Amino acid sequence: MGARISRATLLRWAPFLVLIALVVFFTILNPSFFSLRNAARIALAATPALMVAIGVTFILIMGSIDLSMEGAVSVTAVLFATVFLQLGGTLASWAWIALPAAVLAGAVFGMLNGWLHVKLQIPSFMASLAFGFVGTGLALMMTGGDRIRVEDELFRGLLTFRFAGFPLMVWLAFGFVLIAWFIQTRTTIGRNLYAVGGGEELAHASGLNTRRVRVIGFTLAGAFYALGALMAVARIGIAETATGNNFMFISITSAVVGGVALWGGIGGVWNAVVGVLIVNVINNGMVVIGLPDYLQDGVLGLMVILAVVLSTDRRLVSFVK
Amino acid sequence: MMDFQRIKPHLPWLTLVVLTAFVGIANPTFLAPSNLLMLAGDIVPLFIMALGLTFAIYIGGIDLSAQSMANLVTVIASIYLASMGAFVAVLCVLAGFLFGTLSGVITTKLKVPSFISTLAIGGVAFSLAQWLSGQKALFMDASQRDASFGWMIGRTGIIPNELFLAAALLLLCLFIERRTVLGRALKAVGAGELAAAASGLNVARYKILAFALSGALAAIAGLLFSVKLSGGAPTIANGFLLPAIVAVLVGGTPLTGGVGGVLNTVIGTLIVAVIRASMLYFEIDATRQQMVFGLVLIAAIALTIDRSKLRVVK
Amino acid sequence: MYQLKAVDKKFPGVHALKAVDFEVKRGEVVGLVGENGAGKSTLMKVIYGAYQPDGGEISIDGRAVHFANPRQAMEQGIGMVFQEQSLIPNLTVMENVFLGQEAQFVRFGVINRRAMAAATRRQLAKVKLDIDPGMVTADLSFAQRQLVELAKVLTLEERVEGDLVILLDEPTSVLNREEVELLFGLVRELTSRASFIFVSHRMDEVMELSDRIYVMKDGQVVDVVTRGASDVEAIQKKMVGRSVDKEYYREPRQKPYDPSRVLVEMDRVRFPGRAAEVSLKLHAGEVLCLVGTEGSGREAVLRTIFGMRTPLAGRVSIKGREVTRFSPRNAVEQGVGYVPRERKIEGIVAGMSVYENMTLSQMRRYSGAGVLRTGEEKALARDWIKKLSIKAHSEFADCGNLSGGNQQKVVLSKWRSGGSDIMLLDHPTRGLDIGAKEDVYDMIRDMSDDGVGVVLVADTLEEAIGLSHTILVLKDGVIQQKFDGAPGAKPTLFDLLHYMI
């Protein structure tokens, strides 16, 4: 590497540098922050949000936004738990089918969401917001407001079984990150998402069926929301209407902090990973250094602003909304 | 098709009338004036918050801090009512205005998208509310409340007093939108930010003011809310944000900016209220209401938004 | 082999193409020239399928064809290299070249990037461009992007049976001379593979490259010239349709300016990204024309005077007062008005009415304590609608729905009604029809009579020569030459071109 680092390279790595700076910062304040145990704790807390953030990253790349993830997570979590218990309640039986079924359900949910947005010509912000209500509503309808406990030892093994200090679900999530990265870089649909985000009209003029790309993008996002739901259920052992709560803002914030642009075409899976880690490191670090819990939301907010300021190339932005 | 183009601008209120008639036919008691007025009175806090959000959305942004702002104000009002009396209202509105200004400055000067900046400022407001309240619910002294703000929540004849407050704020906002330099500038910024800048307008200042107005109105919503409940807590207004955004959008102020306005928000809020109320009249099971709400909402949005200004639907 | 017969196209209020006959033979380079608004772009859009003609016939090798969209035209071998860059900046070169055609490289859902890169290299070799197909398009130079676009169109060769026709729309506008030479050499070589239609404002280049030139005016083909059979001036005469441009550019109305009153002075001003310094003076009643190619620094001068850019060094004074804080707001207060090139983006606010647009820059004048006096605003708008005969049903008309000429009049009246006496006009006649252009010329002369100083970046060189008192030729941010443009002693096109490139 040359002595001078170009501005572009610096910006590309800015979110990662922010992450490292945060780790160093918290380690100085409390050395116990930098330990395998704590790293596992951060990774575990980050896993469900990571899946959701990757899902929404696909949408942000297109220059759209998706606010339906809370509904999607709730409905797929509840659906999974219901089917799982109906079919025997343990992975050792046919109930394992509930896992792929939940992912499929998430994909269908996302597809309907994208289809509404494209067919009815409703901007994705509104379509997905309303469709998110439908998802939460469906979950409420299925549970009647009750919690469903999933206590199968094998399934909870995602949480309890550890390899090299990290729970199994963290490793699994890493595998899905690689799959998402593969989709983003190596498949036609992955590349077409960038074409739509970089210049939808140009892409259309080149003969790309941009509506189809949009619907597939939302379908993909839905599948990842479902993965997030499965991880969330595995983590707490409960599926309920509230399983999806708080995923919306945290996942979009994470993606943006990691360097995914809200106006499309910029960023990708690894940005989402870094962003989710930044947010979770801040969250965890505040606890480790003993910051009073009532201050944590405010400090998180300020740090997020700082991270976004440091990691976006504002020369490219003519005006910000 | 020609005729459809003509009725398009009227679709939001037509949707409202059709929905109201629909519920009324199913259950005529719904249309009783006292019932409708009570219904309207109940949604005033939501309406005021939506009114503020209209300004943020009108310039093509969003204000996700409105709910936290209202939460914070319920705490402020509950704590300082005893010492300040009615003047606590000034403190509340000022707090909202300042937090909104802060969001605006972060958005325009630091170029952080408003989606993120307002969310972050909302976090700050939430922390402040938790700190001030000691993380517990607070209560107002009933006699002090009635002495200072009793006029807000009583009734005049069959009309709930909240409606007078709502009407006054609506007129004020309508005046700002239609008759002031600020309103004109916000319209220009929403519809054509670059042209506004090339006409020598101080775009950043007007955008900041839009967020400040949004914050101030969210604060008023919070104040009314705490008066109604005679207390405050850092999470008491949770669940208001999304319905308020929905009210603005359904009314026909899309996120692209420059279109719609505060009158649209009146209609949007009423549509949301009628959809909510209709659940009772159609005796929809509580566990299904949320889903039905979502479905009707999609239909309402599909009907009411004006797509002519959208080049590509993102 | 590609032929249009008596093609007609009408838009509401405009007869854009009147029975146009047009033909491209195999391996030919056909030039297409005409003023803005003559119908060139409409004709091009018909050729590549973006517009469907109202009458007439299109045929390829004598077989009648009909294109419902550009895609169908592409499938028949008609490719377009756009003037505005049509490559998606965040994609790699190879992704852009094969956008929408990825299927040929996909095995089991995975893009074979090696195969795609190899295929892209084959395409790039056709245009002699040696770059890594994996490069992100945004990192390429303008010239490289132009070639990539050409390579993208040439992929049609493999996809389409029969001959190719490639439209080049103003391909040289962002290129320097060497790059132009390179492109022309390439086009000549490629005539073995395709025919070309070459559209450009640069008459000399059209003459150099084309085998035949179609001259358009008012929606008609007024002449077809073969190589070497005519000269630039004769063609220009046909384009404008008048023997002398004196009357057209209102030359008789040009009066000497007042050299004692300096409105704007730039003293050794240096712009970001440029090494050179620019000094100039604008006087009351003067029309100062900045001439140069795209990227020569004309826009930087305008935007600096208007306060949208802050110079790195040097002094800018407006009416004798040095500018310390550069912002459009300060400039407007000093009496500067700006008519931007992107009329629809920076000029008017679509969705706002005529009167709202007119007072946008001067709301302070029409308000007290922040409250607008709309009665006065509307009166002002009615006044100027009459004064400039703006075609709008009333002052309430949505500016977005007006024609280009009337939008431009609204922009001009916005500044003139506010008393701006320094006007910056960036391509004020772009996209206007002949009548509307003449209105703009009249307005420029009116402004001079009122003692307004005008900085003009003209749409064509002829326009610059015809309108100006003074011409500054810029190249790479440096003022190359100053010409005096008094009536009867105006410089010629070639005088200017000599210093431009």
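This is a predicted model: local features need pLDDT of at least 70, side-chain atom pairs count only at pLDDT 80 or more; totals for chains, interfaces and linings use all residues.
1. **Sheet layout, chain C.** Six strands form an open sheet with mixed pairing. The order is S18-S21-S22-S15-S23-S24. Strand S18 (336–339) and strand S24 (478–484) stand at the edges. Each has a single partner strand, so one side of each is left without a neighbour in the sheet. On average, neighbouring strands are turned by 20° against each other, direction ignored.

2. In chain C, S18 pairs with strand S21 (residues 422–426) in the parallel sense, over four bridges. Strands of a sheet pair through backbone hydrogen bonds, either parallel or antiparallel. One bridge to check by eye is that of Val339(C), whose partner in S21(C) is Leu425(C).

3. Helix H15 of chain C spans residues 404–417. H15 lies across both S18 and S21 of chain C. Against S18(C), the helix runs at about 170°.

4. **Strand S15, chain C.** How many residues of strand S15 (residues 287–291) are buried? Five of its five, and the strand is mostly covered. In a regular strand the side chains alternate between the two faces of the sheet. Both faces of S15(C) are covered. Val287(C), Cys289(C) and Val291(C) are buried on one side. Leu288(C) and Leu290(C) are buried on the other.

5. **Partners of S15.** S15(C) has a parallel pairing with strand S22 (residues 453–457) of chain C, over three bridges. S15(C) also runs parallel to strand S23 (residues 470–475) of chain C, joined by four bridges. In S23(C), the bridge partner of Leu288(C) is Thr470(C).

6. **Helices H2 and H11, chain A.** Two packed helices are described by the angle between their axes and the distance between the axes. Helix H2 (residues 36–61) and helix H11 (residues 269–288) of chain A pack at about 140°, with axes 8 Å apart. That angle makes H2(A) oblique to H11(A); the cut-off for roughly antiparallel is over 145 degrees. The crossing is right-handed. On the H2(A) side the contact includes Ala45(A), Ala49(A), Ala53(A) and Phe58(A). On the H11(A) side it includes Val269(A), Val276(A), Asn280(A) and Val288(A). By class, the contact has 14 nonpolar residues, four polar and one charged.

7. **Helices H7 and H8, chain A.** At what angle do helix H7 (residues 168–186) and helix H8 (residues 188–205) of chain A cross? Roughly 65°, with axes that come within 5 Å. That makes H7(A) roughly perpendicular to H8(A). H7(A) passes H8(A) in a right-handed crossing. Ile183(A), Gln184(A), Thr185(A) and Arg186(A) of H7(A) meet Thr188(A), Ile189(A), Gly190(A), Arg191(A) and Tyr194(A) of H8(A). This contact has three nonpolar, four polar and two charged residues.

8. **Thr92, chain C.** Thr92(C) sits in the loop between strand S6 (78–81) and helix H3 (93–97) of chain C. Buried or exposed? Thr92(C) counts as buried, because its relative accessibility is 13% and the cut-off is under 20%. Not counting residues up to four places away in sequence, Thr92(C) touches Pro133(C), Gly134(C), Met135(C), Val136(C) and Thr137(C).

9. **Helix H12, chain B.** Helix H12 (residues 241–251) of chain B is mostly covered, with ten of its eleven residues buried. Among them are Leu241(B), Pro243(B), Ile245(B), Leu249(B) and Gly251(B). Gly252(B) follows H12(B). The phi of Gly252(B) is positive, near 105°.

10. **Val232, chain C.** Val232(C) belongs to helix H9 (residues 232–240) of chain C. At 11% relative accessibility, Val232(C) counts as buried. Leaving aside neighbours within four places in sequence, Val232(C) is in contact with Met203(C), Met207(C), Leu493(C) and Phe494(C). For a distance check, take Val206(C). Val206(C) and Val232(C) are 26 residues apart in sequence, and their C-alpha atoms are 9.6 Å apart.

Methods. Residues are numbered from 1 along each chain as its sequence is written. Chains are lettered from A and ligands numbered from 1 in the order in which they are written. Side-chain values use heavy atoms; hydrogens and water are left out. Two strands pair if DSSP finds at least two bridges between them. Helices (H or I, at least four residues) and strands (E, at least two) are DSSP runs, numbered from the N terminus. Axes are lines fitted to C-alpha atoms, for helices over the stretch in contact, and angles run from 0 to 180 degrees between N-to-C directions. Contact means heavy atoms within 4.5 Å. Angles under 35 degrees count as roughly parallel, over 145 as roughly antiparallel, 65 to 115 as roughly perpendicular and the rest as oblique. A crossing is left-handed if the near helix is turned anticlockwise from the far one by less than a right angle, and right-handed if clockwise. Ala, Val, Leu, Ile, Met, Phe, Trp, Tyr, Cys and Pro count as nonpolar, Asp, Glu, Lys and Arg as charged, and the others, Gly among them, as polar. Buried means under 20% relative accessible area, exposed over 50%, partly exposed in between (1.4 Å probe, protein chains only).
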